[in-house]
Amino acid sequence: MTTDTAWPTAAASLCSSLSEAQLLAAYRRMTLIRAFEERLHIENTTGDVPGFVHLYAGQEAIAVGVCEHLADSDYIGSTHRGHGHCIAKGCDLHGMMGEIFGRATGVCGGKGGSMHIADLERGMLGANAIVGGAAPLATGAALTHKTKRTGGVAVSFTGDGGSNQGLVFEAMNMAVVLKLPVLFVFENNGYGEGTGADYAVGSGSIAKRAAGFGMPAVRVDGTDFFAVHAAAQDAIARARAGLGPSTIEAVALRYYGHFEGDPMAYRAADEVANLRAQVDPLKLFRAAVGGAGLRRVSDAALDAFDVEATASVDAAVKAARAAPFPGLETLETDVYVSL
Amino acid sequence: MPKRSYRAAINDAIRLEMERDPNVVLIGEDVRGGSGGSAGDVEAYGGVMGVTKGLWTKFGSDRVIDTPITESAIVGMAAGAAMTGLRPIAEIMFLDFFGVCYDMLYNQAAKFRYMFGGKARTPLVVRGMMGAGLSAAAQHSQAPYNVFTAVAGLKVVVPSNPYDAKGLLITAIRDDDPVVFCEHKLLYGLSGEVPDGAYTIPFGEANYTREGEHVTVIALSAMVPRANAVADRLRAEGISVEVVDPRTTSPLDEEGILESVAHTGRVVIVDESAARVGIAHDISAMIADQGFRDLRAPIKLVVPPHTPVPFSPPLEKAWMPSEARIEAAIRTVLKDQ
């Protein structure tokens, strides 16, 4: 059931079915994620961002290519590298930035931080700092949809590192056994923390291993929005129709280290610079739809979104920096609904 | 009042709540039993101890969900379903098996509400059997409620009789926080008065199963009937024993315990969970911290030795806190004037 799509895919043929509005919306979210992460990379060096930050830059096409198919009533579970998923699912930028800076204005009141951003009203069940943690939880959200017959779906985002976790295998088998409307997305960015996926994923192909559980599984170019979008469209339609789970392995690039401050001794000195120069999901998208491509969308419209994204992120950072820290009276609240 | 076993009382609570609320689902391995077998659609087990017998016949496969042997996915799926609108009851057959799925309780369900700034609700019940006494050996005999109690965000219930089991389980199912419901396997056959309809027992309210003047025995789960038996026996000698059953270890009824301590001034705590860092140690520290001046003798703990649970019956019997050890502890604390 596994298919390897050509890399790079012929984006032009895949994007012809999307409207101009859809193309613009997708780019707008992707460039917003990029601007958010590039700015956090800088903000982190000031020492004002507490704790660990893991950046999503380079993987924008995956979160957006999947989440463009989802409504607020659909659920996603995310990873420690979750900012991209949050933005793609529609989380508020100010709430996210406030949370990352540990402020009272954060979407979780400063109690969660970068690794636990959640917005249940948007169907965002939380970034998750336990590798693979989202898979069983998304499977449970899919059980809710199935039991209540809503036609909704759930998506588990995990990485190549998470693909080796036993609880992910358990979730995949459970989803097949109970025929749950869930999509397992494995973002294979080549590294689980500091260890290469070529070393750690014993089967080599995450998609082939997923197919062994008895579900359709495809491997796509995760830098190509259109390849991800098309694969997700099939998988999510299948889930909504009650036909059960699917897997997408999206091969991606990680522009930064595992965490901010990671010296990346495990990567060749020129690896990241070369990757950035050669493969950029945003440039790939622009080339496909803009002046040099299908001429579906004007370069000026896309440029305007780049400017807007930078301004939005700047406003969010300024607001977060100006916001108060949580009051100490919140230390012991929110442990239980009732006691 | 009709008599029911502890097993039937638990079944009754689940049935009533499933009738009341369509969002309540039961998830676990062999909670029905018989799914996919060559005998066709049957209800083979109703749980290995028969606790959930008859529920599949009544509610069907959409709500009584047999799963593979896959504890991480059972608890994880139930946690994900709980935060999105169902009220799952997940069965971990033997609570010893929490070892293979603890992340989904410890790092996930227990922490959602706090991590997410108070926006999540996780109305999840994880239930299973625990405890020694059936020669089930080291991996099927533990009573790990002390471990769950240490985790902020979890509520922990340890019912000691059929009436409490039903009322506390109904409370657990209606509660919006994750609850670990610990059923002692020695108690399943215990019979007692249990009303027919639904009723709730609030968490964090200790039950004085015996009232007395001379010594307070705090006991949990299957230790409660043992403490009661000792209290009844010693009454003939003129020794008046108060038995306090906290019923839930999280929340813990500190006030209810301290009140009895103030009344008697002497304390024995009987706890099967652990020789170190158990509930006995927790309650003992709380009394030392808040009720020290009421004590007329050192607190005495009756706990198992610091070993895994042994298999062979004489060894297991010696491992478990016994009536003889409870009685000896009572006599010891009464010696100090």
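This is a predicted model: local features need pLDDT of at least 70, side-chain atom pairs count only at pLDDT 80 or more; totals for chains, interfaces and linings use all residues.
Visitor: How far apart are the centres of domain 1 and domain 2 of chain B?
Guide: Chain B splits into domain 1, residues 3–193, and domain 2, residues 207–335. Taking the centres over C-alpha atoms, the separation is 27 Å.

Visitor: Which elements give two or more residues to the side of domain 1 of chain B that touches domain 2 of chain B?
Guide: Start with the contact itself: 26 residues of domain 1 of chain B meet 25 residues of domain 2 of chain B. On the domain 1 side, the residues are 15 nonpolar, 9 polar and 2 charged. The elements giving two or more residues there are α6 (145–149), β6 (155–157), α7 (162–174) and β7 (179–184) of chain B.

Visitor: Is B:Gly278 buried or exposed?
Guide: B:Gly278 lies in the loop between β13 (267–270) and α10 (279–290) of chain B. The cut-off for burial is 20 or more other C-beta atoms within 10 Å. Because B:Gly278 has 24 of them within 10 Å, it counts as buried.

Visitor: Over in chain A, which residues of α3(A) do residues of α2(A) meet?
Guide: The axes of α2 (residues 20–44) and α3 (residues 60–67) of chain A come within 9 Å and cross at roughly 145 degrees, and the crossing is right-handed. By class, this contact has 6 nonpolar, no polar and 3 charged residues. From α2(A) come A:Ala26, A:Arg29, A:Met30, A:Ile33 and A:Arg34, and they meet A:Glu60, A:Ala61, A:Ala63 and A:Val64 in α3(A).

Visitor: Which element gives the largest share of the side of chain B that touches chain A?
Guide: The contact takes 36 residues from chain B and 38 from chain A. On the chain B side, the elements giving two or more residues are α3 (71–82), α4 (102–109) and α5 (112–115). The largest share, 8 residues, comes from α3(B).

Visitor: And how many residues on that side of chain B are nonpolar, polar and charged?
Guide: We're still on the side of chain B that touches chain A, which contributes 36 residues. By class they divide into 17 nonpolar, 12 polar and 7 charged.

Terms used
Residues are numbered from 1 along each chain as its sequence is written. Chains are lettered from A and ligands numbered from 1 in the order in which they are written. Domain bounds come from an automatic or database domain assignment. Two residues are in contact if their C-beta atoms, placed from the backbone, lie within 7 Å. Helices (H or I, at least four residues) and strands (E, at least two) are DSSP runs, numbered from the N terminus. Ala, Val, Leu, Ile, Met, Phe, Trp, Tyr, Cys and Pro count as nonpolar, Asp, Glu, Lys and Arg as charged, and the others, Gly among them, as polar. A residue is buried if 20 or more other C-beta atoms lie within 10 Å of its own, exposed if 12 or fewer, and partly exposed in between; C-beta atoms are placed from the backbone. Axes are lines fitted to C-alpha atoms, for helices over the stretch in contact, and angles run from 0 to 180 degrees between N-to-C directions. A crossing is left-handed if the near helix is turned anticlockwise from the far one by less than a right angle, and right-handed if clockwise.
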